[in-house]
Amino acid sequence: MKRLIPAVLLLSTDYSAALKPISDHELEAVTGQAGITLETSSALSIDELAYIQDGNQLQIQDIQRGQQGDISQASLTTQIVDIEADGTLRIATEVDPTRVTVGAVRINDSAGSVGQFQLDYSGTSLIRVGASQSGDNYLEGSFQTSISDAELVWTTNGSSLSFDDIGYNANVTRLGIGEAVRGNQTGLNFDLEQFAYSFSSGGLKLGDVSLGTLSGELALSGDAQLYAGGRSGSEGISLDANINILQDPDNFVRFTDDGNDLFMGDFNGSLSVSNLTLDVESDHLLLGYDRLDGTFNADRIMIGDAVNPVGAIQLDFLFVDGNGYSNRTRLYPGIRQPVLTDLPVAIRPYAQNFYTGLSVNSEGLSAAVEWNLEQANVAYIDNTRTVIFSGIESYGRGDVTLDLRQFDHDNNPGTLNKSAIALGLNRFQGSYSIDGLKVGNKNAPIQGGAELLLSLEVFQAMDFNLDGYTLITAGGVSGGGIQVDGDYLFSDSNIGLSVDENGQGVWATGVDYEIHLRGFQVDVSDSGLSINRTEQWSTMDVNDMRWGDRNTGRSLGRIVLERFEKGSSLTINPGGAGAVCVGANAADASSCGTAGGRWEDRGNEGLTVALKAAFEPEGLTSAGTTARNRLTWENNRRTDASGNSINGSGTQIIFDGYSTNDGLGTSDTNDYGFRANLNIDVFETKVLKKGNPTLDPEVGRELIYDDDTRTTFTYVENPTEAQKALRPLGFAVQGNVSFKDFQIDQVQLKHPDVVAPQTVFTGIVMQNLNMTTNLTATPIR
C-alpha cells in the first residue's frame, strides 16, 4: 500500500538525477529579473494518508487530484514568488479548475467509512510573510484567497449532499505566529488581527433537488494557542482559542428559498474555548473541551419581503463539565446500529425499518455525544424593549447516526428514490429547563409567561429519554425548502408545563409521548416562515399530572391525549399586534378611551405566530395504523405492592373522536381547522398596587419607575405621558382563537368494573367561535 511521502523526498527522488553543478564562468553570464514563476502540472494519487497517534490511525484513503473533466489528467498551478523591497516574501498562486477526491475515511481499518468526498474548485491566493514587528511573534504576514465555481460533495451508500457554485473570499489583514505558554507546556500562538470573508452557494442540494441557497459576510479577530498532547495517551492536539465577531453592519447571513430570504444582519459576538482536544482512539475520534462560552447579538432579522425587522436577539451561554456530564463527542466511521432489544417496545418497529439494509460495512458517521450547558440566556428585543428567557440549563448523552440514502417520502412512485439525510437518535437521556422570563434587563425579577411556549409545544422543562428517526429530503410546499418524515418516542419522561426556578409547578410525569410526522415541510415565503404538517399523529400518555414537586406533588390522575391531524400548519411572520385597544373593542385611540379601554401602539416590530390544527376523524395513517383524536382522564386508580398506580384500574372520562371541519355539509373540507393567532410584543404595562385601600392610601395607584434604569419605583395616582413611558415592561400577547365547526363524536364514562365505556353525550357540535384577548405577563410585586 502506498503512503504519503514528504514532498522533500519526492523532489530528491524525481529530480536529483537532472541536477548538474554550474561553473563560476557560467554564473558570470547569468542575468535575470527578481522573482520566480513556477508552473506545476500534476496529477496526484495516494492510496492512504494516515495520522498516527498513540498507535491508532486516522486513515484518509484513495486520494486523487487532477483536472475536473478527467481527474487522471494533470491540473495546472501557477506560483509567482517575489521578495519585496522590505524583505517580505510574496507568493501569488493561481489554481486552474481542479478536482480532489477522497474514497474513504476510516479509523484502524474500520469496516465502515465516513463516505466519499469530492471538491471541484479554481482560485487564487496571495501570501505575504515577513519579519515580525513584535517581539512576541516569530513572523508575521497576511493572506488573501478566492475560490470560485466550486462544488463540495459528500456521498454515502450511493446518495449525495452537495454545495454547488460555491464562491469564497477571505482576507487576513495580519497573522502573527509566536510562542504560547500554558503552565509547563509550550506551543504555537496564532494572532489574527482581522479576518474578513464572504461566501455564497448556488444551492445546497440533496441529489439534484435544492434545499435553498446560502450567502454571507463576516468580520472576525482573535487568537489561538496550539499545544501537543490530547485528553488521553501521550499524544494528540489541544487548542485554546478566543474568537470575536466584530461589530460591523455589513455582517450578514442569508438563506434564500425560491427567491424569499431569511436574513440576519448587523451581528457581533465572541467565542472562547479552553482545552479543545483531539485524540485518535482505537475505533473513534475523541473531541472534547473543558469550557466553551460565548455571546451573540443580531440587531436585524428579516423574513420574506417584510419592510420592518422581526426584532433583535441576544444569546449568551456557558458549557462546562458538571452534573456528572462532560462535553465530549466520540466520532465513529460507519453506522453503529442500536441493539433493538435495548429500545422501548413502541419504537422498535420504526428503528428496525430505519436501519434496514445497513450493515457494519455501510458508509456514514456515528457519534456518542455528551453535554452540560450550565447556563444560557436568550433575549428578544422588540422596538428596544427586551424580554429574556432566563436560566436555561441542559445536560445529557446519547448516540447519533448520520448517513445519506435513497428514500420515498410519501409512498408515491413519482417521487421514488429521492436522496435523504438520515438522522438517528438512540437512547438520548437528559434534561433541560427554563427558569422563566425577565423583562427589561437581566437584573429584572423572574416572572411567568414562558407558558406561552406551550402553544408551540415547547415545554418549560423536561427530563427525557428519547429515541427518534428522521429523514430529510429537499423540497417544501413548492420549489426549495425541506421536508421531514420522522418517528419519535419520549419514554418515562417528565414535562414541566409551568414551573418556577426551584422546579415547583405543574408537571406531567411518567410520560410516554409517541410522535409521527409525514411531510413536515419548511419554507420561506414572501410573508414569513411557514411550516406545513401534511400528516401527524401522536399519543401522549401522562401517568400523573402533578401540582408542586415532580416526584411528590399531588396527582390529578392520568391523562392520555391522542391526536390525528392532516394539513395543519404554523407560520411565523414579522410584526406583532401594532396598535391595539386593551380592555375594549375600538379601532382608534379616541373611541378606545371612550369605551373604557387603553390604547397601545406596540411598534412595528414583534412576531405573529399563526397556528392551524386540522383535526381529522378516525382513520388510517400513511403507516397503515389507525389514529384518532381522543382525550382520556383517569383517576382513583388502584396501586400495586410498590405503591405505583395501575393504569386502567380507575374511573375514566373520555372525549372521543373530536374533529374540525368547515361546516359545508356534504361538500365539507377541513381547510380552516382550529386556529390560534398570537401577536407577540414587548410593551409598557399598566400595573396597579393591590391591597386594602383603608389600610394603604397607595392602593389603586400606578407603579412607575423613577428612571430608565428601572431599578426603583414610585406609586403615582395620575401619571404624566412621560411617566407612562416608565411603566413596567411586559411580555404582551394578543391572542385570537377561532374555528368554524368543532365536533365531538361522544363523551363516555368508564367504571373500572365495566368492560366497555358508556356514552353520556353523543354528536356534540360547536360552531363559529371567534375570541380575541390581550394578555400581558409582568413580575409579581
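In this predicted model, a nonpolar surface patch of about 540 Å² is formed by Y51, V129, Y138, L139, L188, L226 and I237. V129 is classed as partly exposed because its relative accessibility is 31%, a value that lies between the limits of 20% for buried and 50% for exposed residues.

Empty space in the structure was examined next. Rolling a probe the size of a water molecule over the atoms shows where such space is left. The largest pocket holds about 1,600 Å³ of space. Its lining consists of 42 residues, and those nearest the pocket centre are L454, S455, E457, Y513 and R563. Strand β24 (residues 529–542) contributes seven residues, the largest share of this lining. Sorted by class, the lining of the largest pocket comprises 34 nonpolar, four polar and four charged residues.

The second largest pocket contains about 740 Å³ of space. A total of 26 residues line this pocket, with Y380, F389, L453, L456 and L607 closest to its centre. Several strands take part in the lining of the second largest pocket: at least two residues come from each of β15 (291–303), β16 (312–320), β18 (365–382), β19 (385–407), β30 (607–613) and β35 (674–684). In terms of class, 24 of the residues lining the second largest pocket are nonpolar and two are polar, while no charged residues are present.

Terms used
Residues numbered from 1 in each chain as written. Predicted model: local features only at pLDDT ≥ 70, side-chain atom pairs only at ≥ 80, totals over all residues. Heavy atoms only, no water. 1 Å grid on protein atoms, 1.4 Å probe; cavity = no way out; pocket = protein on both sides within 12 Å on 5 of 7 lines; lining within 4 Å. Points joined across faces, edges and corners; volume = space filled by probe spheres on them. Helix = DSSP H or I, 4+ residues; strand = E, 2+ residues; numbered from the N terminus. Nonpolar A, V, L, I, M, F, W, Y, C, P; charged D, E, K, R; others polar. Patch = residues over 30% accessible without salt bridge, like charges linked within 9 Å, V, L, I, M, F, W, Y side chains within 5 Å. Areas by Shrake-Rupley, 256 points an atom, 1.4 Å probe, with all protein chains shown as cover. Salt bridge = Lys/Arg side-chain N within 4 Å of Asp/Glu carboxyl O. Buried < 20%, exposed > 50% of the residue type's maximum accessible area, 1.4 Å probe, protein only.
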